[in-house]
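Visitor: I have a structure open and would like to learn how to read it. Please take me through it one feature at a time.

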Amino acid sequence: MAELGSKGVTAGKIASNVQKKLTRAQEKVLQKLGKADETKDEQFEQCVQNFNKQLSEGTRLQKDLRTYLASVKAMHEASKKLTECLQEVYEPDWPGRDDTNKIAENNDLLWTDFHQKLVDQALLTMDTYLGQFPDIKSRIAKRGRKLVDYDSARHHFEALQTAKKKDETKIAKAEEELVKAQKVFEEMNVDLQEELPSLWNSRVGFYVNTFQSIAGLEENFHKEMSKLNQNLHDVLLGLDKQYSGNAFPVKAQPRKKTKLFARLRKKMSSDSTPAKANKSPSPPPDGSPITSPEAKTVNHELEASTLEAPGASIPKSPSQPAEAARAGAEAAGSEAAAGAEASKTEADSGSSSLPAVVVETFPATVNGTVEGGASSERADMPPGFLFKVQAMHDYTATDTDELQLKAGDVVLVIPFENPEEQDEGWLMGVKESDWIQHKELDQCRGVFPENFTERVQ
């Protein structure tokens, strides 16, 4: 009998629940169609929106925190493997063997402690924070259902009151159901109205505590790890001093072997015929000094110079063949001579009083840009000079267009004439000693690996 009674109660509850679902569904349809009014609470709806936003942000933070912890664990494993490799290759008779073992042990402990504290102070707190959301979410949903029940009971009571044929018994029963539905709804509504704003405001303190904990743990971890790394550095420095004669060889980056100078020499040989100097113009009738625009620039760098007499020489250019320099000098000398002769003729005839010497000044040019005079800080540098580097290691040239370097050599870096011919990791330059001695680029310049040098100026 008890079993049947139990089954009867269960069946009754099921039937009651089914009836409630049907009534709620009917009420929602009427509300959507506008045939029944719906109780609205804008303040509560705003609280629900904040709750959903807070839940979404917390869920994302929890996911990212778990990803972060997984990364810390992966880094722990990678660091452990790396230190184990060092222990294996570190031979027993090398100095600092025991120190490296201790450092590896402390490294492992430090990673383990860091991960565990992140779990305790961040992840578990995160889980506790999010643990309160499911219950509140369920209560919000239940409140929504009780609100529909209240509206349905209210509409049913109002319909019985406005009916033409009133049934007092039904009206009294409907009123009783309305009071009951209103009481259940208001109890849940009041509790949530208090909890939701409080939960929303708690997010600030939670975020502050969480990220402060993570930041503090990271700061301490990196401080301790920095000490271990410094200890390891000191141990390896001691090993390096004992075996300083077995230095690790530095290798240059591979080149494409463009044969740069082979092409340059071929081009120079085809253009070896010196250009003829233009004839000097006739002296002006007024006897003014002759200034030849062709003589100001000879397509290469010139030191500041003064032609004080016919036939004065022009400094030799380091960036052009000697033939071109001689041709420029002959042209400049011819013009100077012509000017001097014209001045002399005018003086003899008494037509004007002119100095016997025509003075012409040639400003230095680098890549077409006029530089200062002989006092310029780069006057003694090769054309296009960029900066200085010093060789840190010996380098043996493997091709005719490469520089042979010894540790300590200073190289003056200059640009490639064709930037497309520059290989990655290689520079063009001339040894400072060669430049000071010869002032020639054609036979002294060459390419060299950048990683064998360091910049000094």
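**Reading the model**

Guide: Start with Ala-391, which is buried, with a relative accessible area of 3%. Buried means under 20% relative accessible area, exposed means over 50%, and partly exposed lies in between (1.4 Å probe, protein chains only). This is a predicted model: local features need pLDDT of at least 70, side-chain atom pairs count only at pLDDT 80 or more, and totals for chains, interfaces and linings use all residues. Residues are numbered from 1 along each chain as its sequence is written, and side-chain values use heavy atoms, with hydrogens and water left out.

Visitor: Where is Ala-391 found?

Guide: Ala-391 is in strand β3, residues 387-391. Helices (H or I, at least four residues) and strands (E, at least two) are DSSP runs, numbered from the N terminus.

Visitor: Which residues is Ala-391 in contact with, leaving aside neighbours within four places in sequence?

Guide: Contact means heavy atoms within 4.5 Å. Among the partners of Ala-391 are Leu-405, Gly-408, Phe-452 and Thr-453. Sequence and space can also be set side by side. Ala-391 and Val-456 are 65 residues apart in sequence, and their C-alpha atoms are 10.0 Å apart in space.

Visitor: How do I read a sheet?

Guide: Strands of a sheet pair through backbone hydrogen bonds, either parallel or antiparallel. Two strands pair here if DSSP finds at least two bridges between them. This model has an open sheet of five strands, in the order β6-β5-β4-β3-β7, with antiparallel pairing. Its edges are β6 (446-449) and β7 (453-455); each has a single partner strand, so one side of each is left without a neighbour in the sheet. From one strand to the next, the twist averages 50 degrees. Axes are lines fitted to C-alpha atoms, for helices over the stretch in contact, and angles run from 0 to 180 degrees between N-to-C directions.

Visitor: How many bridges join β4 to β5?

Guide: Four bridges join β4 (residues 410-414) to β5 (residues 426-431). Look for Ile-414: its bridge partner in β5 is Met-428.

Visitor: Now a helix. What should α3 span?

Guide: The expected span is 1.5 Å times one less than the number of residues. Helix α3 (residues 97-131) has 35 residues, so it should span 51 Å; its end C-alpha atoms are 50 Å apart, which agrees. There is also a kink of about 35 degrees in α3, centred on Val-119. The bend at a residue is the angle between axes fitted to the seven residues ending there and the seven starting there. Thr-100 is buried, at 3% relative accessible area.

Visitor: How many salt bridges does the structure hold?

Guide: A salt bridge is a side-chain nitrogen of Lys or Arg within 4 Å of a carboxyl oxygen of Asp or Glu. The structure holds 12. One of them joins Glu-158 and Arg-154, at 3.7 Å from N to O.

Visitor: Why can side chains at such positions meet?

Guide: An α-helix has 3.6 residues a turn, so residues three or four places apart point the same way. Glu-158 and Arg-154 are four residues apart in helix α4 (residues 133-162), about one helical turn. Glu-158 is partly exposed, at 35%, whereas Arg-154 is buried, at 13% relative accessibility. In helix α5 (residues 168-242), Glu-219 and Lys-223 are also four residues apart. Their closest N and O atoms are 3.6 Å apart.
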